[in-house]
Amino acid sequence: MTTKVFLLKREALKPGEVTRVELSGCPLAVYNVEGRFYATHDICTHATASLSEGEIVDGDLIACPVHDGTFHIPSGQAMGHPCTVDLRTYRVFEDAEDVYVDLESEAEEASSAI
Amino acid sequence: MTDHTCTGDCTPTLQRTRASDPLPGLDKLVDFETGKMSRRLYWDHAIYEQELEKIFARSWLFLAHDSQLPNPGDYLTTYMAEDNVIVVRQKDGSVKAFLNTCPHRGNKLTFADGGNTRNFICNYHGWSFGIDGALRGMAGQELFIASGMDKSRHGMHEVAQVASYKGLIFGNMDPNAPSLDEYLGDFRYYLDVMLDMDGQGTEFIGGSVKSVINCNWKVPTENFIGDIYHALWTHDSAAHAMLGGPVSEVYKNPDSYHVNFNGHGWEFNTDIVGNAATLGDKEIRKYLYSIQPQVAKRLGEVRSRMIGAISSASVFPNMSFLPGQNTFRVWQPRGPHKIELHTWTIVNKSAPQEIKDRWRKGTMMTFSPSGVFEMDDGENFEFSTRTNAGFVTRQQDMYMGLGLGSQLTDTDLPGNVFRNQVNEANHRAFYRRWMDLMQARDWSEVPRRDVPKVKDGDLVYPMAKESV
């Protein structure tokens, strides 16, 4: 069963930007990577840090604002030192002007990477 | 602990010590009427400690050239005297500077000379700071928060003031210091000779060459502020090598000057290419001759003839440069008897690449550790310092009275102007400023000796019309 929850309007987040959205106590980082939307858990798996305060680098990596470790946004995979534990991802749906998330499902890229 | 009571200048990141008392008997160390100066200025540790506080911690000090930090996140590390600082370009294009030390347990934050970064992370416990200096986080952050720590009060300590003049970025540790424009004052009129020949600005090319000289920092500063006199003798053999003859008899040139303002000084004649000629490269001379008429339209005849002339200059307290040779340098103090010399090559952005390359090689050949002129100077600088290890030796006063009574009052040139570049007027002005600062508890006690004539608007020039 999928539970679609509204995240934000497409126009609210420009390509290359990341923002924080809190849904029922769960902090999410929502990304616009070249027009495609993604969502991950907002807290870095290494130290306490809000990834949405970081920067999208090298196309589709999020660099943590604290120790500059990186994760692959579509799959949540830990990519760069000091991150070693992968990041929880969430499945995102785009519907016309709106972006939704399913908090019960991983992103497709994450599932296929397993 | 009374000296650590808050002075009102404290920030969340730094508790400033109240200014210490000026050293007693300072006024006996220099006699400006006769040109007598005590050797203790080159040797005493007590004087040096006061200089760190009263000169360097409240003067405008050169940090970087704009061209070294083109993009947001670009940074370099340098020194403000013995304080190591990070200078970093912000996302909004402004420049900030911070002490290069972690406010947690004091380790050095970055060990790099420069680069591009999103943050500075301490090697010790992994505390992380943004390029804006804010503490962004650390491992085990929740433990610090549980301890009652307020993250916003533990950022990197920011240099109180950062400002630039035509590409040169300066910092000042004192929030109460006058503005950079006021500090440079009328000296900006002369700085434009080097920084604003054509409205297109300057740049540093190549890297920085660093070396150590065992001398007091004031010896080379005063050498560049106004001592062409030494060139006739010190550099005789180097001049024969580079020019095929002796240094010209500059003391016979009636059209030559010492000028100074607020302790900054420039000695020069108006021969256009005299300094440049010592690089032994006629293409550089041709370039200077080719741009001089356009510079004359922009800056007037006198300044256009200074662009590569026999000349040298220092900005108080420890930045110097040579027009024509295009070496640009800071004499970083390392105790009273040692300096770390940082040098760069400065050129007009608009100059052809081939000319820039020739200048880079020219500065290597003349004013680098193996350069023919720098080697001549280094030994003099070292022994002018070292002799004063002698307890009795340092009780013999030195002399800097050359050119007493040579001030010109009927001149259009701004600043204090003196006839004949073979002079020690700028030395005296430098030590006058030094004495004023050493005797002042804060900037409000520093006498305003020099009255500015130059207005900010005088330093903006119409662009030269392109010839059709």
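**Cores and chain contact in a predicted model**

The largest nonpolar core of this predicted model has 105 residues, and B:Y190, B:W266, B:F328 and B:W434 have the most contacts inside it.

Colleague: Which element of chain B supplies the largest share of this core?

Modeller: Helix α5 of chain B, residues 187-195, supplies the largest share, with seven residues. The core also draws at least three residues from each of domain 1 (1-27 + 60-176) and domain 2 (198-459) of chain B.

Colleague: What makes B:F328 a residue that touches B:F62 and B:W344?

Modeller: Contact requires heavy atoms within 4.5 Å. B:F328 touches both residues, and others including B:L168, B:M194, B:F204 and B:I346, not counting residues up to four places away in sequence.

Colleague: Which residues does the second, separate core include?

Modeller: That core of 17 residues includes A:A29, A:V66, A:I73 and A:A78.

Colleague: Why is the pair A:D68 and B:R118 called a salt bridge?

Modeller: The definition asks for a side-chain nitrogen of Lys or Arg within 4 Å of a carboxyl oxygen of Asp or Glu. The closest N and O atoms of A:D68 and B:R118 are 3.0 Å apart, so the pair qualifies. Between chain A and chain B the count is two salt bridges, and nine residue pairs are in polar contact.

Colleague: How much area do chain A and chain B bury between them?

Modeller: About 930 Å² is buried, 42% of it on carbon and sulfur atoms. A:T48, A:V66 and A:H67 supply 48% of the area that chain A buries against chain B, more than any other three residues. The contact takes eleven residues from chain A and twelve residues from chain B.

Notes: Residues numbered from 1 in each chain as written. Chains lettered and ligands numbered in written order. Predicted model: local features only at pLDDT ≥ 70, side-chain atom pairs only at ≥ 80, totals over all residues. Heavy atoms only, no water. Core = buried A, V, L, I, M, F, W, Y, C linked by side-chain atoms within 4.5 Å. Buried < 20%, exposed > 50% of the residue type's maximum accessible area, 1.4 Å probe, protein only. Helix = DSSP H or I, 4+ residues; strand = E, 2+ residues; numbered from the N terminus. Domains from an automatic or database assignment. Buried area = accessible area lost by both parts, 1.4 Å probe. Polar contact = N/O pair within 3.5 Å; in protein donor to acceptor, adjacent residues only side chain to side chain.
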